[in-house]
Structure formats: structure tokens, C-alpha cells
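Please work through the exercises below with the sequence and the model open side by side. Each task is followed by a solution that goes step by step.

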Amino acid sequence: MALSVIWAYFASGLPSSEKLLAYQPSLPSNVRGYDGNPVQTFARERRVELSYDEYPPLVVHAFISAEDKTFFQHGGIDYPGLIGAVFDYGRKQVTGGRARGGSTITQQVAKYLLQDSSYSIGRKVREAILAFRLESTLSKQQILEIYLNSIFLGRNAYGVQAASRAYFDKDVGDLTLPEAAYLAILPKAPSSYDPIRQTERALARRNYVLREMSKNGYITEDQWKSAAASPLGTIRYGSNEKFRQMGGYFMEDVRRDLIRRYGEKAEDGPNSVYAGGLWVRTSMVPVMQDAAANALREGLARFDGGRGWQDTGLSIDINGDWKVPLSLAALGTGFPDWKKAVVLSKSGNEATIGFQNGATGTLDASNAQQPKRGVGGAAFGFLRPGMIIIVKETGPNNYALRSIPEVGGGFVAEEVHTGRVLAMQGGFDVVGSSYNRATQALRQPGSAFKPIVYSTALENGMTPASIVVDAPFCVWQGAGLGNKCFRNFDGKYAGPKTMRWGVEQSRNLMTVRTASQTGMPKIIANAAKLGVGDYSKTPYLSIALGAGETTVQRLVNAYAILANQGREVRPTLIDYIQDRNGKVIFRSDNRCAVMEGCNADDWNGKEMPRPPLRSKQLLDPQAAYQMVHIMEGVIERGTATVLRDLNRPMFGKTGTTSGPTNVWFVGGTPDVVGGVYLGYDHPRPMGHAAQGGRVAAPIFKQFAQTAFKDAEKVPFVAPAGIRMVRIDRVTGKRVFGTFPTTEDPKSSVIWEAFQPETEPRRSYRREDRAEAEADQAAAGKPKAPRAVKPKTQPEDFLQRQGGIY
């Protein structure tokens with residue numbers, strides 16, 4: 001009865017047989033790029049789950065010899081070992097110290113399942129009970145499989161496969177005899193057998209395991225002695241990365257999305273991020289992601305250069321082991337050749353600095369002469385021991401001081417036809433600054449908002465050749481506020497000009513006049529449909545100039561919709577998610593799920609099922625194309641001519657807000673649209689010289705030079721009904737007898753896109769009209785003016801356009 005009561009007391013709360021049969025170890029989530037190659041891992045315990053059959057006998061025999069040579073004979077408890085452990089425990093109660101262990105592999109599995117490392121008799125009793133339950137529920141092979149997949153072996157490796165990679169950069173199937181024997185010594189105390197710090201101790205213990213394997217009959221004596229003579233052969237910690245962990249802000253956004261969907265820990269559900277073993281396919285293109293990150297970082301550093309050195313504000317205690325605190329300091333360096341360091345000492349004109357790996361270097365005063373920001377004086381004079389700094393190597397063991405840019409920014413690149421986000425950079429470095437400025441920073445877009453104004457106007461009767469007056473424009477705001485008068489960036493006026501000219505030159509007065517004529521309610525409604533923002537509570541004309549707030553991701557997606565001829569696309573970072581067993585549990589493109597017969601086993605004799613449209617039409621396709629066609633002129637003749645030498649069909653728009661506090665560029669090709677902004681996190685003026693065309697557009701250009709290097713040059717295709725008409729670029733009047741030239745982007749004659757029956761009517765030269773009137777007076781009837789025969793155009797040009805008139 002006493003034993004029954006004890007058993008019932010300690011057995012309460014232990015896993016049932018059903019839970020033991022359904023047990024699955026925690027696995028990290030693996031993330032892949034658009035091409036299926038691994039790019040990131042979300043792991044707190046590095047583990048790779050294998051079946052028992054995937055472990056070679058060599059590895060199994062090594063662990064059994066090291067940990068439990070009678071594993072396949074006992075029923076969960078090694079009684080001779082248990083009795084010895086009990087006597088040792090009693091002796092240690094008198095002499096002090098910790099008793100030796102007597103646990104079998106089954107008991108170690110029980111300990112792992114209990115997640116209890118307390119030093120008590122109660123824990124050992126619960127272990128024994130659970131060990132009996134394991135033996136009665138699972139086979140020996142299943143128990144050993146759990147053990148080999150779960151045991152901690154140091155270097156954040158859980159399980160033998162992860163440890164094999166961590167110590168030898170091999171899969172378990174490729175381990176040699178001495179390597180397998182070394183891994184088998186680690187379960188007791190990985191740090192005690194560290195191959196770098198405890199080499200001799202590790203060798204002695206490994207050779208003991210080899211001797212035991214020989215005694216147990218798993219290897220011959222010659223194999224034992226030959227293996228014992230070999231070195232450990234381990235690699236350095238951290239040098240076994242099979243792929244470069246990349247993505248930064250992109251992957252952080254993916255991680256947050258996964259946590260929202262499935263939770264973070266095992267307790268949150270079977271598909272949690274850090275335990276569920278998810279396989280995640282993202283839309284990230286590594287080449288574009290690297291190009292975006294490098295372009296933005298260099299743009300931030302270029303803008304911040306010359307403004308002085310800024311202290312990181314971080315310091316550590318250098319009395320003792322300073323390497324670990326330095327490595328844990330939340331400070332990202334951005335560039336690969338910038339390093340995080342700590343000032344160890346300072347004497348005369350040089351300082352000794354230390355790095356995370358324990359190495360040291362020298363920082364000369366001559367390489368730290370930039371003034372301290374906001375204070376003045378050489379930066380070297382402000383360095384103190386314990387201060388964490390950023391340096392760049394300039395020579396052998398010699399470094400120069402660097403500063404993390406104070407200005408911030410964000411970059412997003414998106415696929416036009418699907419909305420898949422191809423690259424995302426939310427700042428200089430995600431380490432130490434996880435605030436994603438690409439998705440979280442609400443900024444005023446300035447003139448980058450204007451295409452929404454003009455596309456709305458094009459939907460409501462205006463044309464690219466419509467004349468808008470670039471002249472003073474004021475609105476009455478009421479008796480308390482009086483007149484609100486708008487101005488152009490340069491403070492000048494140009495008089496009557498075409499809409500196209502106003503967009504290309506980014507004229508504010510023409511924009512507010514167009515917005516007033518079109519109606520702000522219509523413009524705000526389109527801004528909401530495009531996902532830029534909800535400005536219904538502030539329907540002011542200043543919204544037309546980009547006074548409302550939005551994010552880079554939202555505005556880039558709006559431009560993608562314009563390039564997609566007004567058809568909706570939604571930005572996505574994840575294509576699909578599979579659980580640990582390969583079952584798809586989420587798919588961003590769910591059209592197959594809503595179709596009947598999409599996954600039919602066999603043909604049912606009917607026509608092939610057609611996928612439904614992924615999205616709906618948000619804007620008039622002809623108006624959307626007209627807007628894109630106008631913005632091609634921004635690249636050719638307007639505020640973003642810095643991109644013209646990329647020599648490919650592109651559209652875009654710059655933006656500069658009052659102050660200026662933000663500078664923007666958004667645009668791209670028929671396939672990829674990208675956008676970038678720069679500005680201080682707490683908005684303040686960036687200097688009068690800061691403009692979208694000077695600061696933001698060059699960043700996009702650097703990105704495009706790499707991202708579009710091998711991409712095909714694809715033209716923008718006009719939707720059905722569009723009429724391409726020759727007009728005078730300045731006056732907007734129709735032109736006959738002359739054709740546009742591609743050699744001169746500022747040619748007076750251009751092809752312009754018009755919706756049906758909106759193109760300019762035929763006009764006459766003054767002398768032709770006078771001649772016609774004279775003929776009419778003489779003959780008593782009108783005489784038609786002389787017709788000019790149009791020249792022919794290349795056939796491929798005719799095929800690309802909706803119609804030519």
C-alpha cells in the first residue's frame with residue numbers, strides 16, 4: 001500500500017503513454033528565399049531530427065558504450081548502477097559534494113521530457129517511474145531516437161546531427177570513428193570537454209570511449225588504437241555555417257508574422273516559430289536584398305558624412321572577460337568591414353582596442369580626428385576605456401574610427417504583378433535598431449504622392465496634354481485662418497503648362513490647382529483604395545502635396561498597382577508555410593483552394609478549371625497607364641534624370657517635404673517597383689540641399705545597377721484603347737509631319753497616351769488658315785487645308801502600342 005501511495009504521488013502529472021507515443025522534439029524553423037535556397041533559421045535550440053535508421057551503427061555504438069552499455073538489456077533502470085549511486089549519495093551527505101549519476105539512457109530521456117534538473121530524491125523517483133512508462137510504451141529504438149535527437153551537446157547543438165555540424169561540419173553519416181567517439185563524451189558535461197579549452201581532458205575521455213567500444217565488441221583493438229592516436233579534428237565554434245544568415249529587416253518582419261500566426265514557444269501550439277520545425281518559403285531575392293541593404297547603408301553614410309562623429313552611448317566593464325559583454329552589446333555595424341570594438345586603454349596618440357574574438361588592434365589619433373557631433377573637438381579626445389566604438393580596418397592591425405549614421409531610412413522592392421516583396425531594408429542595421437522604417441515609419445511622402453492626384457484627374461476628364469496654370473493659388477480657410485497660399489519649391493511661376501510638364505518638374509501649384517478642380521474627396525478615395533492611407537478626416541488640399549503620412553511599403557505598393565494597369569496587388573513576404581511533416585498550412589496565393597477540382601486525382605471529362613483572378617480593378621487601366629507613361633518622362637526629362645543612364649524603360653517620382661524632413665524616390669520597371677526615403681527618426685530639417693532627386697534617387701540607382709543588371713529590358717505595355725498621339729511637349733498641341741526622336745529626351749515632339757476621343761483635335765498653322773480663308777472668299781466655299789502624310793513607324797513599335805494616331 002505504501003508503494004502504491006508513493007507511486008501515485010510521484011506519478012501524478014507525468015506524460016501519459018499517448019503523449020509519449022505522439023512526442024516530437026522542438027525543432028527550429030527554416031526559411032528559404034524565392035529560389036528555395038536556405039537564407040535564415042529561427043532557432044533557440046539548434047536541432048535536426050533524424051529517424052533511428054538514419055543514425056549509423058558507429059554513432060549508436062559510441063553513445064551506448066559511453067552512456068549505457070546495457071541499454072538493450074535492462075528495463076529502464078540499471079539496478080547495479082542505481083545501488084552504487086544510492087550508496088554514493090548517502091556518503092556524500094556526510095562528506096559533502098554531489099553524488100555520481102546512475103542514470104540509464106532511458107532515465108536521461110525521462111529527465112529531458114520532465115525538464116527538471118533539480119538535485120533531489122523526488123526528481124529521481126519521478127524519472128524512474130517515467131523510465132518504466134517509456135520502456136512499456138516505446139521500443140528501444142524509439143527511445144534511443146529521442147535521446148540522439150534531444151541530448152544537449154554544447155555549442156547550442158541539441159541532438160547528434162546538429163552537434164556533428166557544430167563540431168565537425170559533417171552529417172552523422174560522414175563521421176569517422178574518433179569523431180563519433182568524441183561526440184559521445186559530451187552528454188555528461190559539454191563545457192568540461194571543450195576541444196579548445198580542455199583538449200587533453202577531451203582526448204582522454206574520447207580514448208576511454210574508444211576502449212569501451214573495443215571491450216563491447218563494436219570495434220577491433222587495432223581500430224581502437226589507431227583512432228586513439230588521431231587528434232580531435234574539430235572546427236572552431238561558429239565556422240560551420242552552411243549558408244549566410246541574411247535578410248535583416250526582411251527576416252525580422254517574417255519572424256513577427258510567424259509569431260502572430262503560430263506563437264513563439266512550444267506551449268503556443270504545434271507550429272510555433274522556435275519549436276514547430278516550420279519550413280517557410282519567402283519571396284526574398286538574395287541579390288536584390290543585398291543590393292537594397294548596401295545601397296541604403298551607403299546612402300545613409302554618404303548623407304551623414306561630414307557631420308562629425310557620434311558616440312554609440314554604450315560601454316562595458318573591461319576588468320575581466322570583456323569579450324562576452326562586447327559580443328552581447330546591441331550594436332550593429334552594417335558594413336561587413338566595420339567592426340564593433342571596445343577601448344581597452346589609451347596612451348598618448350593611440351588607443352588599444354579589443355574585438356569580440358579576443359584580438360586587439362591599434363587606433364591612432366590621426367584616424368579619429370573627426371569632430372564630435374554637436375560638441376566639437378577631435379573625437380579621439382573623447383575616447384575612454386570601456387567605451388564601445390565602431391572602427392574600420394585600414395591596414396594590418398590598424399583601424400580608423402567610424403560612426404553609425406544618425407539619419408534613418410527605409411527601402412522596399414516589390415514584384416509588380418504579384419505584390420511579392422523582393423527586398424526590404426528598414427534602416428542601417430537591424431541589430432540594435434529593430435524598428436523597421438520600411439513598414440512602421442509613418443512619413444510624409446511629399447511630391448511622391450502626386451501621381452495619385454494626377455491619376456485621379458486622368459480618370460475624371462483631364463489628359464496629359466491638359467493645360468494647367470502654374471501661378472499663385474490660395475484658398476480661403478475661414479475667418480479665423482484666412483487665406484492659405486501655396487508655393488513651388490523654387491518660389492517661381494511658369495504660367496500655363498501641360499499636366500505632363502507639371503509632373504516632370506514637380507510643380508506644387510499645378511498639383512493643388514488640379515486637385516481643386518478634380519475634387520479632394522475623389523483623390524482621398526483613390527488614396528484609400530491604393531492603400532496609401534486614410535485621409536478622410538483631413539480632406540485638405542495640402543494632402544495633394546504629400547502632407548499626409550504613409551510608409552514606404554504602402555507607397556511602393558500603390559506604384560505597383562499603377563504599373564499593373566490599376567489592378568490590385570497586395571504586398572506579401574511569405575509565399576507558403578509547411579509544417580515539420582511537409583504539409584502546407586498557409587499559402588498566400590490561395591486561388592487553388594477556392595477552385596473546384598483544382599487537385600482532382602483524375603480528369604473528369606470537363607474543361608480545365610480556370611484560376612479566378614487574384615485581385616480586382618482599382619483604377620481605370622487607361623488612366624493608370626497614362627500616369628506611368630507621364631512618369632517615364634520624370635526619368636527622361638524631370639527630377640530623376642540621374643536614373644536615365646540606366647538605359648531601360650523606367651518610371652518614377654521624387655518627393656521632398658517641407659523642411660525638408662523627408663526625401664523620397666519611388667519607381668521602377670514594368671516588373672519591379674522600389675521605393676526609398678531618408679529622414680531623421682524624430683523629423684527635423686535635413687538641410688536645404690536635400691532633395692529627392694539628389695539624395696534618394698541615387699540610392700535607388702545603386703540598387704538598380706545590381707538588381708537589374710541581367711534583367712531583360714521590357715517596355716511598358718499599353719492597355720486596349722490607348723491612343724498614342726504626337727504632340728508638342730510644351731503646348732500640348734497635336735503635331736503632324738514630325739516624329740519624336742529617341743536621341744534627344746528633351747525633344748519638343750513626343751508620343752503621348754490618350755484615352756479614346758480625348759486626344760487634341762487637328763490644329764492649323766496661321767498661314768494655312770489664312771490661305772484657307774482666302775480660298776473660301778474667292779470660291780464661295782471652304783477649302784480643306786493641305787494634309788500631311790504621316791511617316792511610318794517600325795512594326796514592333798506599332799505592336800507595342802494600343803493605337804497610333
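This is a predicted model: local features need pLDDT of at least 70, side-chain atom pairs count only at pLDDT 80 or more; totals for chains, interfaces and linings use all residues.

**Exercise 1.** Find how many disulfides the whole structure holds, and state which parts the cysteines tie together.

*Solution.* A search of the whole structure gives 1 disulfide, and this disulfide joins cysteine 474 to cysteine 485 with an S to S distance of 1.9 Å. Cysteine 474 belongs to strand 12 (residues 473-476) and cysteine 485 to strand 13 (residues 483-486), so the link ties together parts that are 11 residues apart in sequence. The angle about the S-S bond is 105 degrees, and the link of cysteine 474 and cysteine 485 is right-handed. Cysteine 474 counts as partly exposed because its relative accessibility is 38%, and cysteine 485 is likewise partly exposed, at 43%.

**Exercise 2.** Describe the span of helix 10 and identify what its buried residues pack against.

*Solution.* Helix 10 covers residues 199-215, which makes 17 residues, and its first and last C-alpha lie 24 Å apart, close to the 24 Å expected at 1.5 Å a residue. Its buried residues include Ala202, Leu203, Val209 and Met213, together with Arg205, Arg206 and Glu212. The buried residues of helix 10 pack against helix 3 (57-67), helix 9 (177-184) and helix 11 (221-228). Just after helix 10, glycine 217 takes a positive phi of about 85 degrees.

**Exercise 3.** Decide whether threonine 518 is buried or exposed, and list what it touches.

*Solution.* Threonine 518 is found in helix 17 (residues 508-518). Its relative accessibility is 9%, and therefore threonine 518 counts as buried, the cut-off being under 20%. Leaving aside residues up to four places away in sequence, threonine 518 touches Thr456, Ala457, Asn460 and Met462.

Conventions:
Residues are numbered from 1 along each chain as its sequence is written. Side-chain values use heavy atoms; hydrogens and water are left out. Helices (H or I, at least four residues) and strands (E, at least two) are DSSP runs, numbered from the N terminus. The expected span of a helix is 1.5 Å times one less than its number of residues. Buried means under 20% relative accessible area, exposed over 50%, partly exposed in between (1.4 Å probe, protein chains only). Contact means heavy atoms within 4.5 Å. A disulfide is a pair of cysteine sulfur atoms within 2.5 Å.
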